[in-house]
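Please consider the sequence and the structure displayed here. The briefing that follows treats its features topic by topic.

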Amino acid sequence: MIANLKYRIIKKVVHNSGVVELGFDAPEIADYGLPGQFVNIQVSEKLPHPFLRRPISIHDITVNGEVCFLIKKVGTGTKMICDSEIGDELSLIGPSGKPFTMPNANCTPVLIAGGIGIAPIYFLLNRLLNEGFEPLLFYGAGTSSEILKKKELISSCKVYFATDDGSFAKQGMVSELLPQHIFENSGEFCFYACGPQPMFKSLAPFMKSHNFPCEISAEENMACGIGACYGCSLKTKDGYKRVCKDGPIFELSDIFEEQ
Amino acid sequence: MSILETKLGPVIFRNPILLASGIVGFGEEYRELIDLERVGGIVTKSISLLPRPGNKPPRIVETPCGMLNSIGLENPGLERFLTEKKQFLETLKTNVVISIAGSSIEDYVEITRAIEPLDFFSVLEINISCPNVREGGILFGKDPHLTESVVSRIRAVSGKELWVKLTPNVTDIGLIARVAEEAGADALALVNTFEGMAIDINTGKPKLGNVIGGLSGPAIKPLAIKKIWDVYQAVNIPIVGMGGICCWQDIVEFMLAGAQLVQIGSALFANPKLPIIAIPKLEEFVVGKGLNSLNEIVGKVIID
Ligand SMILES: Cc1cc2nc3c(=O)[nH]c(=O)nc-3n(C[C@H](O)[C@H](O)[C@H](O)COP(=O)(O)OP(=O)(O)OC[C@H]3O[C@@H](n4cnc5c(N)ncnc54)[C@H](O)[C@@H]3O)c2cc1C
Ligand SMILES: Cc1cc2nc3c(=O)[nH]c(=O)nc-3n(C[C@H](O)[C@H](O)[C@H](O)COP(=O)(O)O)c2cc1C
Ligand code: FES
């Protein structure tokens, strides 16, 4: 089920460093949306520019059917979406794409978020907690103030933080924390990651050397967002795949070969 | 007869709005977003003889009021079209236009022969205007001799309505249009995308993996209208107009310039419901203007 409707904004929170959380009253999307899936948001109905929709991951679906997004302003489109106010209506198409695969019962899920990559990881974390898993979270950001929902995360699971400038927790990339901490825990692991390209690249050798499965949320510019135009193709081990339809969730090793 | 109905050769269109090639694939994905049976027709992604993997990503970049694409005709190829994609189109209760593309004249002829017996489609659209493939594609549409050869060779093996899709990237589109008409085209579809390029000033690299691409969307609308007007004056066969259509008013404008049918492309990405919203608006326009049918405005731009 994919909805293509206008939905009203019922919540707006401006987080640290200008990241905006928008909550929509979108019952159709709430009923079907799963962690890892995204929604294609129309920036503005009135203007011919920006022309294309912007893909944004589902960040949360609350018990009363509110669908939330966590959006970082990087350009015109995200800025305009973030400038929307409570009561405004935006056209959303979704939920789209392949969700994260839920782990086997005996598995310890390890979640890895870099920067705004926390957006879909947060939704996955909450679903895993609801299903009785005890996930670990590795969360890295540029600087201390870019770490979002810190208190809430710390109270819900074991979190390992890192910042690029060392202003909070360990300095460095979040992927550098993994080898050191992962083996403090025993058992079978399955990994889920969302973040910038360099983070994925640095995770690849670690995952490969331990033969760990690791699902990532990939990005590519999109046009239709539903698999029809072949605009969002990404190179994988098995040829080009559409991020919007075959993804956005892919196996890390299918995209990033060990260099 | 509905006031939006229009006939092109033997084919009846319930309204003049078709969905352009390359936008809705083979229709299936869009089924949930738009009632495909309410539009005048849908044009498939161009199919080639063999599957094409497409171009290096990124394949899409947004530009002011439009977009560049360099898909590179990624499509499943003739065989998988026949085994996997055709079924959905067969059940669709609207006109299906099959778009084909080849690297050689023989390719075009072979695809035409293979699909000729299928009776669920009424129109064959020959794409000789794709800017994103190295061999074939746009080369056929830029050279009048090649245009003549490919259209007449297809004409010889096909009894379907034959639309030839023209590129705007030529000095004299009227010349190519006349050649296509004389070679047996039943109508001309235009425009395909304008060749374009964008560079990331931070990295110094082209924004498209393929370096160049095709520009579409509202940015090209006035350019497209001019090409349609040029072709309207050059030929006697009908025109299927497109290039940046974003609302019902744009459809009227294209028709005034000479288009009997229109296709909606990139604007569907922004708003898949656009064609459905336009239908009642066009009906109101016809009634408001005291016309009997929308068809009456084709080519009726008033030049004092
Ligand atoms: C499946 C998917 C899920 C996403 N989920 C989220 C999310 O939950 N929250 C969120 O904030 N963003 C998310 N994004 C990224 C978001 O779609 C882009 O940031 C947005 O499209 C940029 O639009 P813009 O108009 O603001 O920027 P533009 O004006 O298009 O670009 C401005 C600058 O941002 C860069 N940029 C453009 N697109 C991206 C991109 N996809 N990633 C990184 N940089 C980009 C450009 O290269 C350019 O330098 C997601 C992307 C995908 C594909
Ligand atoms: C992503 C994309 C893919 C396209 N693929 C094809 C194609 O396979 N065959 C073709 O004839 N035209 C193709 N086109 C061109 C469109 O059918 C249309 O001619 C052009 O985009 C201009 O119309 P618009 O401005 O309404 O998009 C494609 C356009 C886009 C944007
Ligand atoms: S954006 Fe069209 S296929 Fe993915």
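Is A:S17 buried, partly exposed or exposed? With a relative accessible area of 46%, A:S17 is partly exposed, where buried means under 20% relative accessible area, exposed means over 50%, and partly exposed lies in between (1.4 Å probe, protein chains only).

This is a predicted model, in which local features need pLDDT of at least 70 and side-chain atom pairs count only at pLDDT 80 or more, while totals for chains, interfaces and linings use all residues; side-chain values use heavy atoms, with hydrogens and water left out. Residues are numbered from 1 along each chain as its sequence is written, and chains are lettered from A and ligands numbered from 1 in the order in which they are written.

**Positive phi angles in chain A**

- A:S17 has a phi near 50 degrees, which is a positive value in a residue other than glycine.
- The position of A:S17 is the loop between β1 (3-14) and β2 (20-25) of chain A; strands (E, at least two residues) and helices (H or I, at least four residues) are DSSP runs, numbered from the N terminus.
- A:A169, also not a glycine, has a positive phi near 55 degrees.
- A:A169 belongs to the loop between β10 (158-163) and β11 (170-171) of chain A, and its relative accessible area of 44% makes A:A169 partly exposed.

**Cis peptide bonds in chain A**

- The peptide bond between A:H49 and A:P50 is cis, with omega about -10 degrees.
- A:P50 is part of the loop between β3 (38-41) and β4 of chain A.
- A:G247 and A:P248 are likewise joined by a cis peptide bond, with omega near 5 degrees.
- A:P248 is placed in the loop between β15 (239-242) and β16 (249-251) of chain A.

- An oxygen atom of ligand 1 is 2.8 Å from a polar side-chain atom of A:R54. This is a polar contact, that is, a pair of N or O atoms within 3.5 Å; within protein, one must be able to donate a hydrogen and the other to accept it, and residues adjacent in sequence count only if both atoms are side-chain atoms.
- One nitrogen contact of ligand 1 is with a backbone N or O atom of A:S57, at 3.0 Å.
- A polar side-chain atom of A:E219 is 2.5 Å from a nitrogen atom of ligand 1.
- On its own, ligand 1 exposes 880 Å², of which the protein buries 70%; accessible areas come from the Shrake-Rupley method with a 1.4 Å probe, and for residues only the protein chains shown count as cover.

- A:T78 lies in helix α2 (residues 76-82) of chain A and is buried, at a relative accessible area of 10%.
- The side chain of A:T78 reaches the backbone nitrogen of A:V74 at a distance of 2.9 Å.

**The surroundings of ligand 2**

- Ligand 2 is surrounded by 23 residues, of which B:S21, B:S46, B:K165, B:G244 and B:S266 are the closest.
- The shell around ligand 2 contains eight nonpolar, 13 polar and two charged residues.
- The side chain of B:K45 has an N or O atom 3.0 Å from an oxygen atom of ligand 2.
- A polar backbone atom of B:G217 is 2.8 Å from an oxygen atom of ligand 2, and a backbone N or O atom of B:G265 is 3.1 Å from an oxygen atom of ligand 2.
- The protein covers 98% of the 600 Å² of accessible area that ligand 2 has on its own.

**Buried residues in chain B**

- B:T63 belongs to strand β5 (residues 60-63) of chain B and is buried, at 14% relative accessibility.
- A polar atom of the B:T63 side chain is 3.4 Å from the backbone nitrogen of B:M67.
- B:P76 occupies the loop between β6 (66-69) and α1 (77-91) of chain B and is buried, at 4% relative accessibility.

Technical notes. A residue is near a molecule or strand if one of its heavy atoms lies within 4 Å of it. Ala, Val, Leu, Ile, Met, Phe, Trp, Tyr, Cys and Pro count as nonpolar, Asp, Glu, Lys and Arg as charged, and the others, Gly among them, as polar.
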